[in-house]
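The sequence and structure are shown first.

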Amino acid sequence: MTEETTRSPEFVQSLERGLAVIRAFDAEHPQLTLSDVARMTGLTRAAARRFLLTLVELGYVHTDGRLFSLRPRILQLGYAYLSSLSLPEVAQPHMEALVAQVHESCSVSVLDGPEVVYVARVPTKRIMTVGISVGTRFPAYATSMGRVLLAAQPAEWLDDYLARADLRPLTRRTVTDPGKLRSALKKIATQGYAIVDQELEEGLRSLAAPIRGDNDSVIAAVNVSAHASRGSSETIRKELLPPLLATAGRIEEDLRAGLNR
């Protein structure tokens with residue numbers, strides 16, 4: 001049975017061909033002639049010409065009379081998809097790519113009062129005694145994502161939080177002094193990331209970065225967690241911070257693309 005005969009009666013072949021023309025352009029082929037497009041899509045020159053000139057008229061393609069290239073308006077096709085996605089859906093593929101690169105678990109969380117709530121997670125191996133899933137909550141003061149989110153709060157909100165927070169020692173390393181926590185948050189706000197060394201659980205080190213939305217405001221945090229046996233805090237920072245920051249940046253780009261549509 002051929003591909004043609006397996007298609008549904010509602011299949012619109014002209015749409016398929018128009019999309020094939022768009023997909024012919026890529027990083028290696030930013031500019032194409034009419035003959036190039038016809039050859040790469042399997043269309044006749046006449047059909048390729050009609051599709052290209054239609055895309056030119058719609059503002060998706062530019063031509064100087066010989067060469068054709070995509071115009072920025074083509075991004076609207078992707079923005080329509082991105083604008084319909086929630087933060088976890090936007091973040092998920094970037095988190096999966098990070099986990100594949102560094103071989104450590106990755107999470108995204110938001111601040112809910114004095115706690116962080118996990119809204120997305122891509123695990124590798126279980127390194128905590130407590131299982132983590134979407135919806136898991138932890139006290140913000142003892143987590144890397146929590147500290148990134150706390151550091152982004154207005155001064156008045158933070159003053160109230162530090163005055164009311166129950167800074168209980170979760171391990172022997174947990175920072176429980178409000179003054180020391182405030183100093184740590186100031187440093188995080190300046191450097192743009194947080195690293196927490198075995199303060200939530202013994203043997204767990206975590207590195208987090210902010211995710212910024214519209215108006216450059218911090219709306220969430222993304223982290224990677226590693227067992228202490230991987231190396232010192234400085235080793236983990238050197239190995240994991242660059243890819244983590246890059247991932248946060250890519251998530252922000254996709255979020256802003258959707259918001260600015």
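## Basis of the model

The model is predicted: local features need pLDDT of at least 70, side-chain atom pairs count only at pLDDT 80 or more, and totals for chains, interfaces and linings use all residues. Residues are numbered from 1 along each chain as its sequence is written, and side-chain values use heavy atoms, with hydrogens and water left out.

## Helix α6

Helix α6 comprises 16 residues, 87–102; helices (H or I, at least four residues) and strands (E, at least two) are DSSP runs, numbered from the N terminus. From first C-alpha to last, α6 reaches 22 Å, close to the 22 Å expected at 1.5 Å a residue, where the expected span is 1.5 Å times one less than the number of residues. A kink of about 30° is centred on Pro93, the bend at a residue being the angle between axes fitted to the seven residues ending there and the seven starting there.

The buried residues of α6 are Leu87, Val90, Ala91, His94, Met95, Leu98, Val99 and Val102 (buried means under 20% relative accessible area, exposed over 50%, partly exposed in between, with a 1.4 Å probe and protein chains only). An α-helix has 3.6 residues a turn, so residues three or four places apart point the same way. Just after α6, His103 adopts a positive phi of about 60°.

The structure contains 15 salt bridges, each defined as a side-chain nitrogen of Lys or Arg within 4 Å of a carboxyl oxygen of Asp or Glu. One of them pairs Asp112 with Arg137 at 2.8 Å, N to O. Asp112 is partly exposed at 38% relative accessible area, and Arg137 is partly exposed at 39%.

Glu199 and Arg147 form another salt bridge, with their closest N and O atoms 2.4 Å apart. Glu199 lies in the loop between β7 (194–197) and β8 (204–212) and Arg147 in helix α7 (residues 144–151), so the pair ties together parts 52 residues apart in sequence. Both Glu199 and Arg147 are buried.

Glu202 and Arg173 meet in a salt bridge at 4.0 Å, N to O. Glu202 sits in the loop between β7 and β8, and Arg173 in the loop between α8 (155–164) and α9 (178–191), 29 residues apart. Glu202 is partly exposed at 39% relative accessibility, as is Arg173 at 34%. Through shared partners, salt bridges join Arg172, Arg173, Asp197, Glu202 and Arg205 into one network.
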